[in-house]
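Hello,

Here is the structure I promised to pass on. My notes follow below it.

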Amino acid sequence: MKHRSAKPQPRPEQDVAQQLDLRPGQSLELLKALHILTREGRINQDSRRKLKQVYHLYQFIAPILDELSRDGHGVTLADHGAGKSYLGFILYDLYFKALGRGCIFGIETRAPLVEASQRLATELGFERMAFLNMSVAESTRADAMPDRFDVVTALHACDTATDDAIAFGLEKKARAMVLVPCCQAEVAACLRENKALSLSRTPLAELWRHPIHTREMGSQLTNVLRCLYLEACGYQVTVTELVGWEHSMKNELIIARHTGQKKRSAAERMQAILAEFGLKDALAQRYPLLPAS
């Protein structure tokens with residue numbers, strides 16, 4: 001009687017890779033170092049959503065990197081509000097490492113995270129990664145930074161840090177910006193302060209009369225103004241969602257590609273919105289490149 005040979009069982013590494021739907025070439029050792037996997041190679045459930053977000057963002061960034069590196073150009077990328085640098089490390093591991101050129105700068109205000117990221121990059125031999133302990137705004141004038149950057153990313157940079165990342169990208173003549181805004185509180189505070197006057201002036205103020213609506217309206221307005229500002233400064237803008245809402249409520253993805261064609265209509269609409277919502281004086285410093293109305 002013939003015995004059927006047992007099918008070969010997948011190695012534990014293969015099993016983990018299938019469960020996490022890892023990209024080809026993804027280093028399991030890196031995922032362990034980032035605590036996405038445990039040291040035994042098991043899935044860390046708390047980090048699973050973070051990995052899913054970063055992978056989705058990678059899908060949007062990789063084609064941009066392909067386009068910018070076609071001429072043999074070494075792409076420079078600034079990752080603002082880097083945190084533990086999940087995005088930077090995975091971008092380097094999946095793209096920059098094999099490419100053999102280009103560099104990533106991670107900017108983060110928390111010194112322990114910067115030190116840990118720099119130490120990990122050294123251990124992994126990721127020589128073209130650097131980390132700076134400073135705010136997004138400070139990094140614009142930092143001597144350690146290149147004069148120009150090709151790509152600027154900001155994944156969940158809180159409140160006005162996303163605006164600072166945009167200002168950085170404009171200053172450094174970035175060819176593309178990939179932004180996932182978070183915790184937009186500045187405009188909501190302005191709406192709250194002027195609520196009584198707005199309610200007496202226009203019935204549209206009912207859209208932000210209740211506190212929860214004020215918060216949501218402020219968030220919506222903030223991102224609309226950012227998109228118009230980028231268009232007024234010569235970028236083509238696409239807005240989509242990063243992942244399903246079940247994974248993150250802060251889910252809006254703004255992708256801006258430099259065309260050099262500044263849209264006058266975008267600047268005019270932006271000025272009109274600022275005036276309509278009583279935000280002109282409060283946000284005068286926020287958009288320095290906006291033409292005067």
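**Leu230 and its surroundings**

Leu230 touches Ile166, Met177, Leu179, Tyr235, Val237, Ile254 and Ala256, leaving aside residues up to four places away in sequence. Keep in mind that this is a predicted model. Leu230 sits in helix 10, which spans residues 211-232. Leu230 is buried, and its relative accessible area is 0%. Tyr287 lies 57 residues from Leu230 in sequence, yet the C-alpha to C-alpha distance is 9.9 Å.

**The protein as a whole**

There are 11 helices and 7 strands. The protein has 293 residues, and 48% of them are buried. Take the contacts between residues at least 6 apart in sequence: 72% of these join residues at least 24 apart. The exposed surface comes to about 15600 Å². Carbon and sulfur atoms supply 51% of that surface.

**Helix 7**

What does helix 7 pack against? Its buried residues meet strand 1, helix 6 (136-139), strand 4 (151-158), strand 5, helix 10 and strand 6. The buried set is Ala161, Thr162, Asp163, Ala165, Ile166, Phe168, Gly169 and Leu170. One of these, Ile166, is also on the contact list of Leu230.

Thr162 deserves a separate look. Helix 7 covers residues 161-171, and Thr162 is part of it. Is Thr162 buried or exposed? Thr162 is buried, with a relative accessible area of 0%. Beyond residues up to four places away in sequence, Thr162 touches Ala157, Leu179, Pro181, Cys182 and Arg226. Leu179 is a contact of Leu230 too.

After helix 7 comes Lys173. The phi of Lys173 is positive, near 55°.

**Strands 1 and 2**

Strand 1 (residues 76-80) and strand 2 run parallel and are joined by 5 bridges. His80 stands opposite Ile107 of strand 2. Strand 2 takes in residues 103-108. How many of its residues are buried? The count is 6 of 6, and the strand is mostly covered.

In a regular strand, side chains alternate between the two faces of the sheet. In strand 2, both faces are covered. Cys103, Phe105 and Ile107 are buried on one side. Ile104, Gly106 and Glu108 are buried on the other.

Strand 7 (residues 252-258) pairs with strand 5 (residues 176-182). These two are antiparallel, with 4 bridges between them. Val178 faces Ile255 of strand 7 across this pairing.

Strand 7 also pairs with strand 6 (residues 235-241). This pairing is antiparallel as well, over 7 bridges. Here Tyr235 has His258 in strand 7 as its bridge partner. Tyr235 is among the contacts of Leu230.

**Cavity**

How many cavities of 30 Å³ or more does a search of the whole structure find? The search finds 1. The largest cavity has a volume of about 30 Å³. Its lining consists of Arg201, Thr202, Leu204, Trp208, Glu276 and Phe277. By type, the lining residues are 3 nonpolar, 1 polar and 2 charged.

Best wishes

Technical notes. Residues are numbered from 1 along each chain as its sequence is written. This is a predicted model: local features need pLDDT of at least 70, side-chain atom pairs count only at pLDDT 80 or more; totals for chains, interfaces and linings use all residues. Side-chain values use heavy atoms; hydrogens and water are left out. Buried means under 20% relative accessible area, exposed over 50%, partly exposed in between (1.4 Å probe, protein chains only). Contact means heavy atoms within 4.5 Å. Accessible areas come from the Shrake-Rupley method with a 1.4 Å probe; for residues, only the protein chains shown count as cover. On a 1 Å grid over the protein atoms alone, a cavity is a set of points where a 1.4 Å probe fits but cannot get out, and a pocket is an open set with protein on both sides within 12 Å along at least five of seven lines; lining residues have an atom within 4 Å of a point. Grid points are joined across faces, edges and corners, and a volume is the space filled by probe spheres set on the points. Ala, Val, Leu, Ile, Met, Phe, Trp, Tyr, Cys and Pro count as nonpolar, Asp, Glu, Lys and Arg as charged, and the others, Gly among them, as polar. Two strands pair if DSSP finds at least two bridges between them.
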